Amino acid sequence: MVQSVRPQFQLDTASSAGPIAPSDRIAAIDIARGIALFGVMAINVATIFRASIFERFLPDKGDGTWLDRALYWILMVGIDLKAFALFSLLFGVGLAIQHDHLSASSRRTLLLVRRLAFLMLVGAAHLVLIWNGDILFEYAIAAFIVLPFLFCGLRILTLAGTALLAVFIVSSFLPEIVSMPSRAWMMQNVAEATRIYGSGGFAEVLAVRVHELPAFLSLHVAMFPRTVALMLIGAAAWRADMFRPGSRASQCLPLMAAIGILAGGALALSHVNGWLRLGWRAELSLERLGTVLLACGYGAAIIWATKRAGARKLLAWAAPIGRMAFTNYLMQSVIFGWIFYGYGLGLFGKLDVAAAFAIGTGVYILQVVFSAYWLRRFLYGPVEWLWRSAMYGTRQHLWRA
């Protein structure tokens, strides 16, 4: 059950030196995170686990049924990159909450550095050993950049986030920092990945995964300014009382949702359908703007909906999986790795989009059920518990009384 909680943490000094109590969590943020995790899963399973991500950058072969093409179109217009952008916003919100919660602690900076160092360590292991589509390592690096800004006021957070986001949007007109792999390399890599990922053992899969890392680096570098910018904007949204009912900022949520979804959706449709003929640089900039607008629109709509009892009940299922997003994200990688790679079922390159999406949705539903079951007995998800224990340097209480 989703609990009603205080919009800002007003804990005493003693309690602020420890983890945020489950009763102090903001349900709307957990719900938004749980829904965003579905979008992340859908894109990952349809475009990276199912087949090589570099297929997206090669000419479309036009394969698949009408259902596959329609589903892929929906994913590209409504979810691709938008779910990751929403996740970045929510990560910034969470980081600001942790920072403000620890305001009375003399160890605040040390604790936050420990928190991000653990995330970086887990992300690096995930990136190399399990799946090279990892976002945790990038998020940890971005959060280290955001951390000093959390000691600033709302105006600095907003200006820094907006300025960096503007630079990202127009960066298609700037010289490339890291170039994308050549088409010849991508064609060769797709063929090799299809062969090894689909039939190779763990050592062979690991070798290809490591070989692909430099190419994945170019994708991360291209998106990194957006990640930092959205974390800053998410932190600013928290400081602006966006999550406090009745605040001036929260009253703007319906308008933000409408503008974000309508304008962002129109730009996403134009990009995917090739309606604009402005040159690839201008089109890429508009596509990036549309992605951010749509992600912000989604987030505003979800937060606004959770302020109404009826909608909150309908969305309550997403709160537990959102509270355990760290655990569930890693679980998805392990499960999908076993399903698609050769050391498991070896379905890589053998399923169409609809089949892969159905499998991913089934896994997500099982995680929704598992998360609700787990949190009825424990205070945190297993990885979240390790995260808190590493952050505070002491073993945290896990079992519910």
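**Figure 1. Ser 371 in helix H15.** Ser 371 is found in helix H15, which spans residues 353-375; helices here are DSSP runs of H or I of at least four residues, numbered from the N terminus. The model is a predicted one: local features need pLDDT of at least 70 and side-chain atom pairs count only at pLDDT 80 or more, while totals for chains, interfaces and linings use all residues. Residues are numbered from 1 along each chain as its sequence is written, and side-chain values use heavy atoms, with hydrogens and water left out. Ser 371 counts as buried because its relative accessibility is 0%; buried means under 20% relative accessible area, exposed over 50%, and partly exposed in between, with a 1.4 Å probe and protein chains only. The side chain of Ser 371 reaches the backbone oxygen of Gln 367 at 2.7 Å. Leaving aside neighbours within four places in sequence, Ser 371 is in contact (heavy atoms within 4.5 Å) with Pro 320, Ile 321, Met 324 and Asn 328.

**Figure 2. His 99 in helix H3.** Helix H3 covers residues 82-101 and includes His 99. His 99 has 3% relative accessibility and therefore counts as buried. Residues up to four places away in sequence aside, His 99 touches Arg 108, Leu 112, Leu 150, Phe 151 and Arg 239.

**Figure 3. The crossing of H3 and H5.** The axes of H3 and helix H5 (residues 136-146) come within 11 Å and cross at roughly 45 degrees. Axes are lines fitted to C-alpha atoms, for helices over the stretch in contact, and angles run from 0 to 180 degrees between N-to-C directions. H3 and H5 are therefore oblique to each other; angles under 35 degrees count as roughly parallel, over 145 as roughly antiparallel, 65 to 115 as roughly perpendicular and the rest as oblique. H3 passes H5 in a right-handed crossing, meaning that the near helix is turned clockwise from the far one by less than a right angle. On the H3 side, Phe 84, Phe 87, Ser 88, Phe 91 and Leu 95 meet Tyr 139, Ala 143 and Val 146 of H5.

**Figure 4. Helix H16 and its surroundings.** H16 is mostly covered, with eight of its 11 residues buried. These are Val 383, Glu 384, Trp 385, Trp 387, Arg 388, Ser 389, Met 391 and Tyr 392. The buried residues of H16 pack against H3, helix H4 (108-130), helix H13 (318-323) and helix H14 (325-340). Tyr 392 belongs to H16, residues 382-392, and counts as buried because its relative accessibility is 5%. From C-alpha to C-alpha, Tyr 392 and Ala 83 are 30 Å apart in space and 309 residues apart in sequence.

**Figure 5. Two loop residues with positive phi.** Most residues other than glycine have a negative phi. Leu 81, although not a glycine, has a positive phi of about 70 degrees. Leu 81 lies in the loop between helix H2 (66-78) and H3, and its 24% relative accessibility is why it counts as partly exposed. Asp 241, also not a glycine, has a positive phi of about 65 degrees and lies in the loop between helix H8 (202-239) and helix H9 (248-251).

**Figure 6. Confidence along the chain.** The protein chain averages a pLDDT of 91, and 95% of the residues score at least 70; pLDDT is the predictor's confidence in each residue, from 0 to 100. Over residues 1-15 the pLDDT is below 50, and this stretch has 30 contacts in the model beyond near neighbours in sequence. Where pLDDT is low, the predicted coordinates should not be read in detail.

Technical notes:
A polar contact is a pair of N or O atoms within 3.5 Å; within protein, one must be able to donate a hydrogen and the other to accept it, and residues adjacent in sequence count only if both atoms are side-chain atoms.
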